[in-house]
Each structure stands twice: as structure tokens, then as C-alpha cells.
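This report is meant for someone who is meeting the structure for the first time.

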Amino acid sequence: MRDGRKKLSDVITEQLESMILDGSLLAGQQLPPERELAIQFDVSRPSLREAIGNLQARGLVERKQGGGTFVSRNLNAAITDPLMALISRRPETQFDLLEFRHALEGMAAYYAALRGQPEDYKALQEALDNLPALKPGGSKRDMAEAVTAFYMIMARASHNMVLLHVMSTMKDMLVDNIERNFDMLALHESGEEAVYREVAQQRKVILAAIVARDPEAARQACNAHLALIEKTLLDINQRDSRVQRALRRLEI
């Protein structure tokens, strides 16, 4: 435009992009009806349609004839390609991902404590309260998905869009990693219930540090949590000669 102002449709496009980036709109999620969005953004429906057209041209949304508009399911495709699936199944990458989670989740905890809002802390507490009790013979997959959801909320509470995006694209890998961790922890000599109680207590310490707005304590609590899991898994694996070759490179 001549006066340098952005077109209204471009402003709406940016707002919708921000909602996708910050997790308000997730991959595969249907957008609200046009009438609701037009009221929400206080714009005309033609301007809204143009904005949605912009998102569609960029591959961010998909329109289904008579079925509405959906955030593209392919947003996370880069991290779920066959090579990544192969990597996630390798025994030694269990520890590679744990090491990476130190940086990722430690940073999420740090910035959640630094920038989190009351509604973020409420959502974190609810996610922690709603974790299913993991008992011998229980569904480790359900527990892994619930724990991952807690970490996703923590990432959202960091108010760092890049961090949230990276963790969101890795969500399936995180669920698989956490589920495999639970499978291994069940073999610990102290008994799986004792180990589960300890890691559950550590998650409470992480949340307490976040709510106390102590970024460094939150990061340290998160790293201590992952370090315990890593050490426990190594202790278990060192008793299992079948995986020694896969762990040799870790013994440095």
C-alpha cells in the first residue's frame, strides 16, 4: 500500500501464523468457522478468506470441500521421516535423545519460570495432577503420552516459539523415548514402583521451581530428573550383556 501500511489480510495472516507457531492451532486441527474467525479478528469475511488463502498457498492449512479448513498435517513431516523413525529405534539413541532433552527441556523449564503466566502454571499443575498412576502391568504408553503433554505445556509456558516448534515436531519421538524409558525402569532392582515414585516426585520439584519463578532452579531440577533416568537406565543396561556393544561408545 502507498502509505506503507500492511493489508488487512496480511495482518490476519500473521496472527493466524502466530497461533500455529505458539501451539494455539495444532497440526491437523480444524480452524473455527469463517464467521467466528471474522468476529474474533473484527474483519470482513473476504479479508479473512484472503488470509486463509495465503496460509494455504504456504502449505500451512488445507481446505476440504464442504469440510472446513484444517492446519496441515504435514507440518511435522521433516522430523517423522523414515530416517528419524529408524534412528529412534536404535538402542543407543535412547541415550542420545536423553542428552538432547537435557538442553531442550532444561531450557523450557528455565524460560517457563522466567516468562510463564498464571494460566500457564495452572495448566502445568492440571497436567501433573491428571497424570495416570503408573502401576505394574499398567499402560506405559498412556503414561508416556501424558508426561509428554506436561512437557509440551512447559514449552508453551516458555513463550519461545522456536523452542515450542522444535518440541512439537519431536513429540512422537519424545513419547516413544519416555515409553521405552518406563519399560527399562521397570527392570530396576529397587522395584519399578519405587523408581516411578522417585521420578514423579522430581516432576513436582520442576513445577515448584517454575511456579516459584526461579529459572535456574527449574533448569537444574529438570536436568537432575533426566540425569537420574539416564543413570538408572545405564545401571540396568550394564547388567545386560546383550546391549553392551551398543553402549560401548557411551563409556567415555
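The largest nonpolar core has 47 residues, and those with the most contacts inside it are Leu124, Met154, Met167 and Ile210. A nonpolar core here is a set of buried Ala, Val, Leu, Ile, Met, Phe, Trp, Tyr and Cys residues joined through side-chain atoms within 4.5 Å, and buried means under 20% relative accessible area, exposed over 50% and partly exposed in between, with a 1.4 Å probe and protein chains only. At least two residues of this core come from each of helix H5 (93–115), helix H6 (118–129), H7, helix H8 (161–169), H9, helix H10 (192–211) and helix H11 (215–238), while H7 gives the most to it, with 11 residues. A second, separate core of 17 residues includes Met19, Leu25, Leu31 and Leu60. In soluble globular proteins, nonpolar side chains tend to be buried together.

The model is predicted: local features need pLDDT of at least 70 and side-chain atom pairs count only at pLDDT 80 or more, whereas totals for chains, interfaces and linings use all residues. Residues are numbered from 1 along each chain as its sequence is written, and side-chain values use heavy atoms, with hydrogens and water left out. Helices (H or I, at least four residues) and strands (E, at least two) are DSSP runs, numbered from the N terminus.

Axes are lines fitted to C-alpha atoms, for helices over the stretch in contact, and angles run from 0 to 180 degrees between N-to-C directions.

| Helix pair | Axis distance | Crossing angle |
|---|---|---|
| H7 and H9 | within 8 Å | roughly 130° |
| H5 and H7 | within 7 Å | roughly 55° |
| H1 and H3 | 8 Å | about 55° |

The angle between H7 and H9 makes H7 oblique to H9, where angles under 35 degrees count as roughly parallel, over 145 as roughly antiparallel, 65 to 115 as roughly perpendicular and the rest as oblique. The crossing of H7 and H9 is right-handed; a crossing is left-handed if the near helix is turned anticlockwise from the far one by less than a right angle, and right-handed if clockwise. By class, the contact of H7 with H9 has nine nonpolar, one polar and seven charged residues, with Ala, Val, Leu, Ile, Met, Phe, Trp, Tyr, Cys and Pro counted as nonpolar, Asp, Glu, Lys and Arg as charged, and the others, Gly among them, as polar.

The crossing of H5 and H7 is left-handed. From H5, Arg101, Glu105, Ala108, Ala109, Tyr111, Ala112 and Arg115 meet Tyr151, Met154, Ala155 and Ala157 in H7, where contact means heavy atoms within 4.5 Å. The residues of this H5 and H7 contact divide into eight nonpolar, no polar and three charged.

Within helix H5 lies Glu105, which is buried, with a relative accessible area of 1%. Not counting residues up to four places away in sequence, Glu105 touches Tyr151, Met154, Met167, Leu174, Cys222 and Leu226. Leu104, also found in helix H5, is buried with a relative accessible area of 8%. Leaving aside neighbours within four places in sequence, Leu104 is in contact with Leu163, Val166, Met167 and Met170.

As for the remaining pair, H1 passes H3 in a right-handed crossing, and the residues of their contact divide into seven nonpolar, four polar and three charged.
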